[in-house]
Amino acid sequence: MKRVAVVGAGISGLATAHYLRQGLKAAGKSAEVVIFEARGSPGGTMRTAREQGFAMEWGPNGFLTNKPYALDLVRELGLSARLLRSSDQARRRYIFSGGRLHRLPETPGQFLGSALLSVPGRLRVLCEPLIAAQLLEDDETVAEFARRRLGEEAMEKLIEPMTAGVFAGDPDELSLASCFPRIHELETRYGGLVKAMVRLRLERLRRGARAEMSAAPGGVLTSFDTGAQALVEVLAARCAKQLHLAAEVEGLGYRHWKFQLAVRVAGTRTQCEADAVVLAVPAYAASLLARPLDEVLAAELGRIPYAPVAVAAFGLEASSLGRPLDGFGFLVPRREQRRILGALWDSSVFPGRAPQGKALIRVMVGGARQPELARLPADELLALAREELRSIMGMPVRSVLERVFFHERGIPQYLRGHGKVLEKTQARLADLPGLFLNSNAYRGVSLNDCILQSQLTAEKVLKGL
Ligand SMILES: Cc1cc2nc3c(=O)[nH]c(=O)nc-3n(C[C@H](O)[C@H](O)[C@H](O)COP(=O)(O)OP(=O)(O)OC[C@H]3O[C@@H](n4cnc5c(N)ncnc54)[C@H](O)[C@@H]3O)c2cc1C
């Protein structure tokens, strides 16, 4: 019987295995799918710590419903009853600027009335429809695009913090087309952002759908009753017999028309043969494994850097809060020169994340902006986050619980030229039939994107079997 080995059991590896098994069943084919995960538990970054009634996410707190992939997977798994929709107030987001929190405008009217941008800054944004679309040959950075279309102030106060919020990244380094392909498409297809919003709104009205025109990301942030980990738990349970935990793949070779995997399980090295291998691991891990097969491929993969992120979680007495947690949380632009990227007011976003009478706030530290801060010892990091919360939110932080979750290589950075890196890796993979790459390092970091890429990868694997 043929065998497919999936290396890594984060959402990308687990979803790939799920779609592989589903595809095999649908095609009436038989093949074995085995999954190797280096850690003792599945899920990768998707992990929920439950303590004293708090549900604290290590990484993602959910997915948006503006893309269908996560929701479709949830339905297939029979998990719909466990879905948790974020509260309506979670659409309210704040930006810290000039010493206070400003509500991020959600409508054109709110934008005009908001003091977040100065009058010239707002007028510059209003000029956006007049800026001709530029179809550049070069891969433009997020910052170049934002400055060109929206102006410097909107770039610094809106786009830079948003980029830090999604990628923990630096907009002066990141590729617009790779990080935010939809925004790139709005210019190339409709000629600009406002033109696109108007055209899309009209299209929606024509279809009879509710027309929204909002600065907040579309869709509803959604998670699960017990936290984001629920999704990976159910996926892992479905393939429990084929999932090998604490099994690190240390080497990959190719001999006698088969891939040879060297796997370390409980200190012992074992060998596994496979007809196809999906590397659902971060790019740096894929680079190490691919080196014996193709040095050029390994070098390209090694060019995808990661930004470190630390998440400091604070469980608080709700009565001790200096202000209502009436939104999703806030982001801090780099021009404010603070030591945190932002904070998520988790207990206001989803019910059940904190016990009755308590609140949960998670503070993001580090990123490409201040990588050294994400590597501080836990007590220093907590002290720093506490102090920043106190100063930004104007409240003492008397916590009943404090935890830090470290992601040393947290989020891949799609730098300018990322598309070329992908083209080269694809060209090298064409000479290595049976080897596939699938993780958040390539075509999107959101859970929706990881799930879509897993589905596409499974289809490619099945075609080759
Ligand atoms: C702080 C933070 C907040 C986030 N928030 C959101 C959010 O709200 N919404 C959203 O959509 N996305 C969010 N993301 C992004 C999202 O969580 C990730 O992009 C996604 O979980 C990545 O999944 P993955 O399977 O590709 O990679 P990973 O989760 O990194 O999984 C890779 C797995 O491979 C394993 N592995 C590595 N090397 C080997 C080896 N040699 N052998 C065997 N196993 C190996 C690792 O142990 C790991 O389990 C967030 C990310 C972070 C860090």
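Helix α5 passes helix α6 in a right-handed crossing, a crossing being right-handed if the near helix is turned clockwise from the far one by less than a right angle. The model is predicted: local features need pLDDT of at least 70, side-chain atom pairs count only at pLDDT 80 or more, and totals for chains, interfaces and linings use all residues. Residues are numbered from 1 along each chain as its sequence is written.

**Helix pair**
- α5 (residues 142-150) and α6 (residues 152-167) pack at about 145°, with axes 9 Å apart; axes are lines fitted to C-alpha atoms over the stretch in contact, and angles run from 0 to 180 degrees between N-to-C directions.
- Val142, Ala143, Ala146, Arg147 and Leu150 of α5 meet Glu152, Ala154, Met155, Ile159 and Thr163 of α6 (contact: C-beta atoms, placed from the backbone, within 7 Å).
- This contact has seven nonpolar, one polar and two charged residues.

**Domains**
- The assignment, automatic or from a database, gives domain 1 (2-45 + 234-304 + 414-464), domain 2 (62-89 + 305-412) and domain 3 (105-212).
- The C-alpha centres of domains 1 and 2 lie 30 Å apart, and their contact takes 16 residues from domain 1 and 14 residues from domain 2.
- On the domain 1 side, α11 (283-290) and α16 each give two or more residues, and α16 gives the most, with four.

**Ligand shell**
- The ligand is surrounded by 36 residues, counted if the C-beta atom, placed from the backbone, lies within 6 Å; the closest are Gly8, Gly10, Ser12, Gly44 and Pro60.
- By class, the shell holds 19 nonpolar, 14 polar and three charged residues.
- Domain 1 and domain 2 each supply at least three shell residues.

Methods:
Ala, Val, Leu, Ile, Met, Phe, Trp, Tyr, Cys and Pro count as nonpolar, Asp, Glu, Lys and Arg as charged, and the others, Gly among them, as polar. Two residues are in contact if their C-beta atoms, placed from the backbone, lie within 7 Å.
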